[in-house]
Amino acid sequence: MLKRVKTKRTMNRPVLLFVSLLSLDSVIGQASYSIPEEMPKGSLIGNIAHDLGLETKRLVSGKAEIFNRNSAEYVELNRERGVLLVKERIDREALCTETTVCALDFQVILENPMEFYTVTIQITDVNDNAPTFEKGEMKFKISESAINGAKFVLERAVDHDVGINGLQDYLLKPSDHFVLKLHSNANGHKNVEMVLQKPLDREKQEQINLVLTAVDGGEPQMSGTMLIVITVLDVNDNAPVFTQKTYKAAVTENSPKGTVVATVTASDADDGSNSKITYSITNTLDNVRKVFKINEENGQISLIQNIDFEKSKYFHINVLASDNGGLTDSSKLVVDVQDVNDNKPEIRIMSKSNVIAEDSNPDTVVTIINIEDLDSGKNGDVKCFLKENVPFILKSSRNNFYSLVTDSELDRERASEYNITVTCSDEGVPSLSSSVTLTLQISDVNDNAPVFERSSYEAYIVENNTPGISIFTVKATDADWNQNARVSYILEDSSVNGVPVSSYVSVSADSGVIHAVRSFDYEQIKDFHFRIKAQDGGSPPLSSNVTVKILIQDQNDNPPQVLYPVQTGGSVVAEMVPRSADVGYLVTKVVAVDVDSGQNAWLSYKLQKATDRALFEVGLQNGEIRTIRQVTDKDAVKQRLTVIVEDNGQPSRSATVIVNVAVADSFPEVLSEFTDFPHDKEYNDNLTFYLVLALAVVSFLFITCLVVIISVKIYRWRQSRILYHSSLPVIPYYPPRYSDTLGTGTLPHVYNYEVCRTTDSRKSDNKFGGAGGQNVLIMDPSSTGTMQRIQSEKNILDEPDSPLEVRSAVITIK
């Protein structure tokens, strides 16, 4: 173990050499300082914030830190003050063993935005190491016959300081017989030789002790000494001589132990024991003797330890050849270490972002990495690339820095996370590579509007619904994330039949459920539509619209309505069936409608009650009443039929109509069956009174008939207009004895009246004549007269455009 003597000297004031700013990718600057070694801990190196043109608060907000594998233990950054301080005592000799110029290189990294700066600190030497000899004593055996000018190689002193503080000179005392001679090598070192200048005389002095002193040029000057003991021998005339003054050899790094590097050869002209040469390596403080050994007999130099090109690229081996007479010669072996591609590229992540917004612009810097390969030549040439097909690229910059930047637009909806593998390979044979995987999250931006599952919706609801009932649910999805994907549903303002749509339906903002605000009536409104807007929770929000159509489904909530025969409260309508009617004779037809729709409006007709069920039947689908057997004289004149009309709804609804049928060939036959008028005692008491009253009645009836005829014409004209505009369906069927009157309904085409009055009003008859020889009998219980059918020769109103034709009435008093 070598002993190193150090004299420490502190310099408290750092020297600022220069500060320069360069542009590299995003922001890269450079600052350089020069400080002496051995500065105490906490000493100021320089104001890095000022020198880089930064504010102190930028160092704090950017979380400035030092990035380097080696320099971090010697230098620290004070963010609050913006200065660089000495963290640990710096020993230049320990830090830079083989280089004259010693410097610390590191980077200062800042975030938000990403910036980095390069800082170089040159460590200047302090004279804290004295020249040192490996051995404290060196012995020589020199023949007394040694001639003047004989050279003896001395051990070289080592001074770890550099420059003026390094080894400068040697001194030899006493200098009676020998003088020193110095030789400078190509590597800057000085070899020292002791040259005989005065012959030795063993008889006068058998042993000579000399002191060799090595001094440096520092202030104060430091030195080291070695004792030289010379034993004077008898005559040995010839010294060994090497065949070459400098030998050269090459060895591949990682060569196995025992590999022969080179062989040196020396010869001695003497005979016998004086010609026997012994070889040795004279290197002192370096690592040569730890790596190489020499065969003392044949001069073969071999490896005793593995060589690493990255640590030592060459070796200078000083070889000494000595004979038994103490004569020596020296030579030098220069060993070049050849590089082998045995180091993978090292990937260091200097700064990175874990999250990036999906709307980031192209060329946004995500990560900065530094690549280093300790090999040389092509073995150290590194190229990096990305394995995956990702929207990122690597941009190369000088000094083996790469920036990972965005290459195209990002879309979180396509990929919310990327695992980016950066692979770096050198150009050696075989090539070595290393890789690192970066995980990058893509943060969401509200760039997607909600999308409905359908382009339009149709929903159904049964009429007479309960207000507040749920009708339908619309659903929209948003491809964004979190708040940007939260969808709210809004009912857009519109109107239905002049009424705001909000009075018909409402929509749940969170779930999209559509509720009925009111109860719907299919007969009033069959369908309506409106628009719903889906809006997300982004800023600004995005939205889309969809049309919803609500169709009202019919419910069987309306019973059938009988159009014919008309049911009146004051008169009795009877259908006439002659006794000669055959089987299947059409008596009349029950006409009914249902304002519902679909099967709720499908009507069926059934005979519920009848005076004689064996005589009549009702068509199930058409409502026609027909005879099912031959009419006989035994059949009652008065027949009462009860027909029920049912729809096909569930449950079904119905209406009942009573049809009076008179089985007779003439009206007088049936009058007693259909009329039951009470006798008025006043007529029996005073016949004269009735005669006078009859005259008054006849006069009144005449006037009334004129008014009625005119009123009926006006009424029927207005009725035809009402029926024309009515929403009720028109049944294109006309009952027996009826004809179509300009398409306005089923009304009698011709009316013939015959009035017969007797002295006994209780036996009066009323007869109403119909067209085509068929008969319709109308009985008025309040009437006391008899009307007989006659055929009028002239119409009272004979207008071609009249919808109704009214015949004249002739009243005859019998």
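Reader: What makes arginine 92 count as buried?

Author: This is a predicted model, and in it arginine 92 has a relative accessible area of 1%. Buried means under 20%, so arginine 92 qualifies as buried.

Reader: And aspartate 125, why is that one called buried?

Author: The relative accessible area of aspartate 125 is 16%. The cut-off is under 20%, so aspartate 125 is buried too.

Reader: How do you know that the side chains of arginine 92 and aspartate 125 meet in a salt bridge?

Author: The N to O distance is 3.3 Å. A side-chain nitrogen of Arg has to be within 4 Å of a carboxyl oxygen of Asp or Glu, so this pair passes as a salt bridge. Arg92 and Asp125 also belong to a network of salt bridges together with Glu93. Overall, the structure holds 20 salt bridges.

Reader: Why do you say the pair of arginine 92 and aspartate 125 ties parts together?

Author: Look at where the two ends sit: arginine 92 is in helix 3 (residues 92-95), while aspartate 125 is in the loop between strand 8 (115-124) and strand 9 (137-143). Those parts are 33 residues apart in sequence, so the pair ties them together.

Reader: What makes arginine 289 and glutamate 134 a salt bridge?

Author: Their side chains meet at 2.4 Å, N to O. The limit is within 4 Å, so they make a salt bridge. Arginine 289 comes from helix 4 (residues 288-291) and glutamate 134 from the loop between strand 8 and strand 9, so this one joins parts that are 155 residues apart in sequence.

Reader: Are arginine 289 and glutamate 134 buried, exposed or partly exposed?

Author: Arginine 289 has 33% relative accessibility and glutamate 134 has 29%. Buried would need under 20% and exposed over 50%, so arginine 289 and glutamate 134 are each partly exposed.

Reader: How do you know that lysine 606 forms a salt bridge with glutamate 646?

Author: The closest N and O atoms of that pair are 3.5 Å apart, and the rule asks for within 4 Å, so the salt bridge counts. It links distant parts of the chain: lysine 606 is in strand 48 (residues 603-610) and glutamate 646 in strand 51 (residues 638-647), 40 residues apart. Lysine 606, at 41% relative accessibility, is partly exposed, and glutamate 646 is partly exposed at 21%.

Reader: On to the rings. Why are phenylalanine 392 and tyrosine 418 called edge-to-face?

Author: There are 14 aromatic pairs by the rule. For phenylalanine 392 and tyrosine 418, the centres are 5.4 Å apart and the planes are at 80°. Phenylalanine 392 is in strand 29 (residues 392-397) and tyrosine 418 in strand 31 (residues 417-426), so the pair ties together parts 26 residues apart in sequence. Both residues are buried. Elsewhere, Phe452, Tyr457, Phe472 and Tyr489 form one aromatic cluster.

Reader: What makes you put the charged end of arginine 518 over the ring of tyrosine 504?

Author: The charged end of arginine 518 is 4.2 Å from the ring centre.

Reader: Last one: what makes strand 32 stand out in the lining of the largest cavity?

Author: Strand 32 gives the largest share of that lining, three residues. The cavity holds about 50 Å³ of space, and its lining includes Leu438, Thr439 and Leu440.

Conventions: Residues are numbered from 1 along each chain as its sequence is written. This is a predicted model: local features need pLDDT of at least 70, side-chain atom pairs count only at pLDDT 80 or more; totals for chains, interfaces and linings use all residues. Side-chain values use heavy atoms; hydrogens and water are left out. Helices (H or I, at least four residues) and strands (E, at least two) are DSSP runs, numbered from the N terminus. Buried means under 20% relative accessible area, exposed over 50%, partly exposed in between (1.4 Å probe, protein chains only). Rings of Phe, Tyr and Trp (its six-membered ring) pair if their centres lie within 6.5 Å; planes under 30 degrees apart count as stacked, over 60 as edge-to-face and the rest as tilted. A charge sits over a ring if NZ of Lys or CZ of Arg is within 6 Å of the ring centre and within 35 degrees of the ring normal. On a 1 Å grid over the protein atoms alone, a cavity is a set of points where a 1.4 Å probe fits but cannot get out, and a pocket is an open set with protein on both sides within 12 Å along at least five of seven lines; lining residues have an atom within 4 Å of a point. Grid points are joined across faces, edges and corners, and a volume is the space filled by probe spheres set on the points.
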